Amino acid sequence: GSQPPSLDTRLRVAQESADALAYLHLSMNHPIVHGDVKSMNILLDDNYMAKVTDFGASRTLPKDAAQFMTLVQGTLGYLDPEYLQERKLTEKSDVYSFGVVLLELITGKTAIYHDGSMEAKNLASSFLLAMKEESLEDILDPSIVRAGTETLLGEVAELGRMCLGPIGEERPSMTQVA
């Protein structure tokens with residue numbers, strides 16, 4: 001089969017997606033919140049150029065509609081916990097979701113994944129736990145972990161951790177992330 005994309009490629013995808021979201025957040029007089037940032041909405045063309053797509057969620061929804069959408073879209077693993085509690089979609093909700101995409105890029109796992117046990121695991125939670133226990137290398141994609149990438153991966157992981165902060169206001173802006 002084809003080889004998994006290199007670390008450089010993955011980071012470029014992350015960079016281009018971050019730039020696109022930062023652009024949305026800064027565009028015009030009021031920022032556009034994407035609202036459904038997830039890896040399936042970042043399309044790669046043949047050269048792995050990223051395009052952030054599906055602005056279907058980019059709007060404010062009534063409470064129950066948002067709840068329904070969440071269930072239907074099954075994007076639980078990407079959703080800002082603050083948004084789930086308060087139903088306020090902000091730019092920082094996109095930052096959280098982008099953090100999860102970043103994790104997917106460096107771990108090779110999906111937002112909700114199975115690791116052999118019956119239970120589905122939440123990538124964000126597993127990652128935050130790994131960071132806390134300093135066992136990050138256990139969750140990273142072995143295909144990109146090699147001599148010389150530790151510092152870089154450590155920095156990307158730290159950025160991911162900042163994006164996943166439980167309090168929206170304390171997360172970096174998409175511009176800072178980019």
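Predicted model: local features only at pLDDT ≥ 70, side-chain atom pairs only at ≥ 80, totals over all residues.
Residues are numbered from 1 along each chain as its sequence is written, and side-chain values use heavy atoms, with hydrogens and water left out.

Q: What makes up the secondary structure of the chain?
A: The chain comes to 7 helices and 4 strands, where helices (H or I, at least four residues) and strands (E, at least two) are DSSP runs, numbered from the N terminus. Along the sequence, the pattern reads α-β-β-α-α-α-β-β-α-α-α.

Q: Why is H4 called roughly antiparallel to H6?
A: Helices H4 and H6 pack at about 150°, with their axes 8 Å apart. Axes here are lines fitted to C-alpha atoms, for helices over the stretch in contact, and angles run from 0 to 180 degrees between N-to-C directions. Angles under 35 degrees count as roughly parallel, over 145 as roughly antiparallel, 65 to 115 as roughly perpendicular and the rest as oblique. So the angle makes H4 roughly antiparallel to H6.

Q: Which residues make the contact between H4 and H6?
A: On the H4 side there are Val95, Tyr96, Phe98, Gly99, Leu102 and Ile106, and on the H6 side Leu153, Val156, Ala157, Leu159, Gly160 and Cys163. Contact means heavy atoms within 4.5 Å. Sorted by class, that's 10 nonpolar, 2 polar and no charged residues; Ala, Val, Leu, Ile, Met, Phe, Trp, Tyr, Cys and Pro count as nonpolar, Asp, Glu, Lys and Arg as charged, and the others, Gly among them, as polar.

Q: What makes H5 oblique to H6?
A: Helix H5 (residues 123-132) and helix H6 (residues 150-163) pack at an angle of about 120°, with axes 11 Å apart. That angle is why H5 is called oblique to H6. Here Phe127, Leu128 and Met131 of H5 meet Ala157, Glu158, Gly160 and Arg161 of H6. These residues split into 4 nonpolar, 1 polar and 2 charged.

Q: How do you know that Ser93 is buried or exposed?
A: Buried means under 20% relative accessible area, exposed over 50%, partly exposed in between (1.4 Å probe, protein chains only). Ser93 has 3% relative accessibility, so Ser93 counts as buried. Ser93 sits in helix H4 and touches Asp80, Tyr83, Lys88 and Arg171, not counting residues up to four places away in sequence.

Q: And how does Glu134 count, buried or exposed?
A: Glu134 has 70% relative accessibility, so Glu134 counts as exposed. Glu134 lies in the loop between H5 and H6. Its phi is near 55°, a positive value in a residue other than glycine.

Q: Which residues have the most contacts inside the largest nonpolar core?
A: They are Phe98, Phe127 and Met174, in a core of 35 residues. A nonpolar core is a set of buried Ala, Val, Leu, Ile, Met, Phe, Trp, Tyr and Cys residues joined through side-chain atoms within 4.5 Å. The largest share of this core, 9 residues, comes from H4. Phe127 touches, among others, Leu103, Leu136, Ile139 and Leu164, leaving aside residues up to four places away in sequence.

Q: How much of the chain is buried?
A: Buried residues make up 42% of the 178 residues.
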